[in-house]
Protein chains: 4
Amino acid sequence: MKLKRKLKMGMVGGGPGAFIGEVHRKAARLDAKIELVAGAFDIEPRKSQQMARQLLLNRRRVYNNYKEMIKEELKLPVGERIDFVSVTTPNNWHFPIARDFLKAGFNVMCEKPMTFNVRQAKTLQKLVKSKSLVFGLMHNYTGYPMVKLARDLVIKKELGEIRKIVVQYPQDWLATPLERTGQQQAAWRTDPKQSGAGCVGDIGSHAENLAEYITGLKITHICAELTTFVKGRRVDDDCNCLVRFDNGARGILHASQVSIGHENDLAIWIYGAKKGLEWHQEHPNYLYVRELGGPVQVWRRGNDYVATKSTAAARATRLPPGHPEAFFEAFANIYCNFADTLRAKLEGSKPDKLMTDFPDVNDGLRGMLFIETVLASAHSRQKWTAMKR
Amino acid sequence: MKLKRKLKMGMVGGGPGAFIGEVHRKAARLDAKIELVAGAFDIEPRKSQQMARQLLLNRRRVYNNYKEMIKEELKLPVGERIDFVSVTTPNNWHFPIARDFLKAGFNVMCEKPMTFNVRQAKTLQKLVKSKSLVFGLMHNYTGYPMVKLARDLVIKKELGEIRKIVVQYPQDWLATPLERTGQQQAAWRTDPKQSGAGCVGDIGSHAENLAEYITGLKITHICAELTTFVKGRRVDDDCNCLVRFDNGARGILHASQVSIGHENDLAIWIYGAKKGLEWHQEHPNYLYVRELGGPVQVWRRGNDYVATKSTAAARATRLPPGHPEAFFEAFANIYCNFADTLRAKLEGSKPDKLMTDFPDVNDGLRGMLFIETVLASAHSRQKWTAMKR
Amino acid sequence: MKLKRKLKMGMVGGGPGAFIGEVHRKAARLDAKIELVAGAFDIEPRKSQQMARQLLLNRRRVYNNYKEMIKEELKLPVGERIDFVSVTTPNNWHFPIARDFLKAGFNVMCEKPMTFNVRQAKTLQKLVKSKSLVFGLMHNYTGYPMVKLARDLVIKKELGEIRKIVVQYPQDWLATPLERTGQQQAAWRTDPKQSGAGCVGDIGSHAENLAEYITGLKITHICAELTTFVKGRRVDDDCNCLVRFDNGARGILHASQVSIGHENDLAIWIYGAKKGLEWHQEHPNYLYVRELGGPVQVWRRGNDYVATKSTAAARATRLPPGHPEAFFEAFANIYCNFADTLRAKLEGSKPDKLMTDFPDVNDGLRGMLFIETVLASAHSRQKWTAMKR
Amino acid sequence: MKLKRKLKMGMVGGGPGAFIGEVHRKAARLDAKIELVAGAFDIEPRKSQQMARQLLLNRRRVYNNYKEMIKEELKLPVGERIDFVSVTTPNNWHFPIARDFLKAGFNVMCEKPMTFNVRQAKTLQKLVKSKSLVFGLMHNYTGYPMVKLARDLVIKKELGEIRKIVVQYPQDWLATPLERTGQQQAAWRTDPKQSGAGCVGDIGSHAENLAEYITGLKITHICAELTTFVKGRRVDDDCNCLVRFDNGARGILHASQVSIGHENDLAIWIYGAKKGLEWHQEHPNYLYVRELGGPVQVWRRGNDYVATKSTAAARATRLPPGHPEAFFEAFANIYCNFADTLRAKLEGSKPDKLMTDFPDVNDGLRGMLFIETVLASAHSRQKWTAMKR
């Protein structure tokens, strides 16, 4: 039974001054598959109402807090009620909100990191499974078409056995004690109570997710050094790791918030026995493919030769070659696949495999395992700390 | 009196298989300022209905043709009726549709080229003026933040007197006789009856618009060579010009649809007496600023040092540095300023200057003057052909 | 009969403070095929002696002027006498010196531009022919391996019919009236009596030579605009041309000495019916090869896949891939081929074809024809001025 | 007392087919400060003679082995005798040859790695000191002008306290078992008896040297993983390290010979509290300087603003901006400073500080300490292994 309407989205978080909530809204809106109908945007109800007015939302669907939202939305009939909720609060709230919505039977799109610890992540994993709900985790960088191409080249064995992976995420926005200036983003992200970990949790986990997504490999061991360069900061702002993967591949993973001159310089190099790949988030439309003994190839998004190798990349593409796509579209691709999967479920059909290509509760658990392993390793004098599954 | 609703948009063109119509829809949607409520999407009513279903539009607002759309929308009360129409048909339809909507009192957003000739362009210019309507022309590349920064650096005299401008728009998609394969885009764009001119009209005019937008200068003379490299093609596919500007600056403007390996490689270099600028559409987040005797500076979108120099660039920015923005956002910026200007008008207030920063009917006329001058020059044995104002 | 010694080189020009003379010396020295044994380095004998001391030259081989050099060297027995002379004076001296050495039976390596006008160039052409001497012209940029690869790709028809060529040489060192500060290089290069032409002669001719060398095509028509942007300057400092080639290809050639931020940004784009090429002098180890419908290929100097396509490129390469080569080596490549050709002649054998791959008196004549045609066109109101052969 | 002649150089190694020996010869020759007069080029006397003929050397100065060379050269009077010897043999010969020449009173330029182990390195260090001889170690990458600029920016405190260093040296030439094909370079470099270590010794030590040279910091602790990816290979071909520096800075150092698509991609990123630097060996003429909150600056070799910050960079520059310099010139810069220092010594004067800017026996010892520490760490289960001084 075809659903002749957009999916209805609620949002917790994303109030005035928030960054990522507005990104979620734009990304969800771009393809006209989803409409925002309800929200509890801020911990202060007044600010939540203010945001709702800006968004031209129906006032009755704006709630004082997320618990009220659950309770009231449940009273609405299916079809009017939200089909899913997007959780875009500071990190410490992700878990309880996601958990409560899942318990109440709502599908969830959650910002990363999914939870504060592995235990909570496993709780969510069990809930999603037992409730048969759709759960998306916003590891947005895997939404880029050329990342999907990279993954498909690995799957098609074009690289041969993977030998080495170098993945980085340097930034510089915390090179000074910005949190002491009252800057909102810096304040909560360097507060261990709100953020959990520092650099490793905020961006290190993106690097981990990107490497595992493209290669299909799993990290098994980590040797980590965490450093806090800015005096007085209560969380790490630099993270350097040696890593080992389950096929024997070696890796380097590093992230930093004090690497002056870098903005969001997430990048990855993958070396197989036959080919090498390179991709940069800040230049997302290009994938560098290198073959032993041949010219470097610059693959460009949107071309038929990309589509030939990767249906997922083609599906994640909205514009022809040379009209660049970027961050919002990658973000929107996560929403698209999440929405298509959810729609299929609501229509009683089985989503095809391409639709289910979005990060989920299992990726969220991997992220928490990664963070905990890095933290453990950073405190260990042993070289290697195993990362549990 | 504040307008507490989104602006209502109608669309003519943008049916199944069309490229630019869907771009208009996504761009108009991104910022939640505009909602599409009506349309005549295709010359075949059946296809128009098909598109409307995809878009989940109200069937009663889907029309068999644009004339019916005008007639029926006029019957609706203001507030329910469309506030403006977007014209995204093949080129030959731009003029009659825009003219008729304007005559009926509707505001218009029109794809480029605005008309088929200068005479038509002047007709629209008069209509817009006499009716006091808001008219936008989709020269989307001027929506990029770093283009706005470039313009503001010129306005602030940072470059000194402009001496030389090099602007290019090479593509390769028509390097072979693609139009003979049945490809829809190639077919109408190389049909002189539907497209008017070839390369010069399709992309040369973007180069002209970009150069004049950034520098604030006007082209006064052109020495052009138009070539058709693909045998049997009925329009030019390559355009090389020497140009002169009204301050005495010299320029080179070239565009091509047979430059193998280039996708949409619109780029501009501007040389003043004190500094030089360089910008590339395919890497839109960067502006290269070069000062005599100093290091090259790479200015990156989203930074405070950009905002300091250009309020227009800051206003056209949605994401922090390092999260790349691209084509859709530039397109959406044109819609934003158009919508803000229109909203101000509907609310009875005067739009501020930043809002009116979008290409309009005067830019459309410049474009037609440019195309006609290039065509005249291409047929002339004289070196210089004057471009009238 | 094998020559068991280095070739003996004399030099006219290249005194204290000169730039290009020292480049000639280093380039000639690099491969141990040539030794400098004599010179008249400066118009002031005292400075010439000073240079000779720096170079640890035998004082008896340092001359007061080039005429004395001819006379005295002729007294020496072959084998001790210089085998050739390098002329590296300001432009106005190239012709008389080259002519007199040729007349006296000496082989010549001459800096560009070869002469002051076409008439002189034809005189040298006749002399070289009638005397059967070896004459090299230092169009150094054609010595780069990747330029040779580009040429061989054209020869092998990999590009298909050439359609369009864009070639540029922007600099910025004359963006201000540097010649009025006493700077030696600027002074003679902007003095019409010493330099002949301005920008077009100094660097425009490099662009012409590069385009003709790689493509094997000849320019037939030019439409030029020359401009002097710096007030009071007596020669042009900016040169923009539309050009036509003998196969019907179209071209743009522009050069400038006021393009702020560019150092020696000689670059060329060549578009054929099947492939496109791009090369930049400042990044000489890379050739960008673009095929319709495929990834961009970055060919890197020194690889087997380069050698496979171009024996000339392989022969012009001294280092393995990734150890960059640059300006001196390109310069030295011209000397190598010149020296190998001269050596073959001295040994009584015929140089193989690869050895004769260096610019000669015919290229010098092309350069003068180019400059004269540009100057004529710049003064003409007709669009096209024919370039004679 | 001024020395009115070139310095006389002998060479051990660099026979037919050798790569680095010929680089030494060209680099030593470029600036006309040094002439090659004697050699024992190959372990086979016949091949040594063959090389001498190619080089047009006096047959009497070609020796059957290096011991004969020492003995015979000592018989020649000072001034005719070699002033120094360059050792360019496979690694295992560096130590005995350097030692014996030092013992005999000769100055030495030695290829890296200096020795096979720390003990030998200390022996050389003592010898150089006790004999008061000039000893150069060919860590050629520190010869690049922009590396010297980077160092001077650090010295001038422009970066603030150094926090993090990332240095890499990926290659791909050993991605397959090339050594089993008979390729001479691969054969000895993967033979533990001739090369000592694998990737870490061959190129990892370049990374170490570059980082310590620019920052002036010393590595104190290493956590290393060495891997052999190609089956049957007897040495490591991949090296990943976390490192700590003596000021508390953190670092990542990685090198690889199996990173497909990389040629000699030595690169370094240095992050201070105020600025960041980036440099790439394959694009040596550029230094990227990044300041918090400002545009990226691309500093280009040869400019006055470079000279203002770094006399060492200016001194190491032969060409004006935009005429690229590369590998040979960097190599030659090491020879220049070595030669100027040696000349000063021979003339009885004290070399100025700029002259002594070349890697020496102490750098060689650091290299051996680095290699031994990496090897120890790679076998350790402890995270950190201290690097002794």
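In this predicted model, 29 residues of chain C are in contact with 29 residues of chain B, two residues being in contact if their C-beta atoms, placed from the backbone, lie within 7 Å. On the side of chain C that touches chain B, five strands each supply at least two residues: S6 (162-170), S7 (219-227), S8 (238-245), S9 (250-256) and S11 (275-280). Strands (E, at least two residues) and helices (H or I, at least four) are DSSP runs, numbered from the N terminus. S9(C) gives the largest share of this side, four residues.

Residues are numbered from 1 along each chain as its sequence is written, while chains are lettered from A and ligands numbered from 1 in the order in which they are written. Because the model is predicted, local features need pLDDT of at least 70 and side-chain atom pairs count only at pLDDT 80 or more, whereas totals for chains, interfaces and linings use all residues.

The relation between the two copies can be described next.

Chain A is divided into domain 1 (7-141 + 334-340) and domain 2 (142-325 + 367-378), with bounds from an automatic or database domain assignment. Their centres, taken over C-alpha atoms, are separated by 26 Å. In the contact between them, 17 residues of domain 1 of chain A meet 23 residues of domain 2 of chain A. Helix H4 (91-103) and helix H5 (118-131) of chain A each supply at least two residues of the domain 1 side.

The table gives the classes of residue on two contacting sides. Ala, Val, Leu, Ile, Met, Phe, Trp, Tyr, Cys and Pro count as nonpolar, Asp, Glu, Lys and Arg as charged, and the others, Gly among them, as polar.

| Domain 1 of chain A, touching domain 2 of chain A | nine residues | seven residues | one residue |

In chain D, Pro113(D) lies in the loop between strand S4 (107-111) and helix H5 (118-131). Pro113(D) and Ser195(D) are 82 residues apart in sequence and 8.8 Å apart in space, C-alpha to C-alpha.
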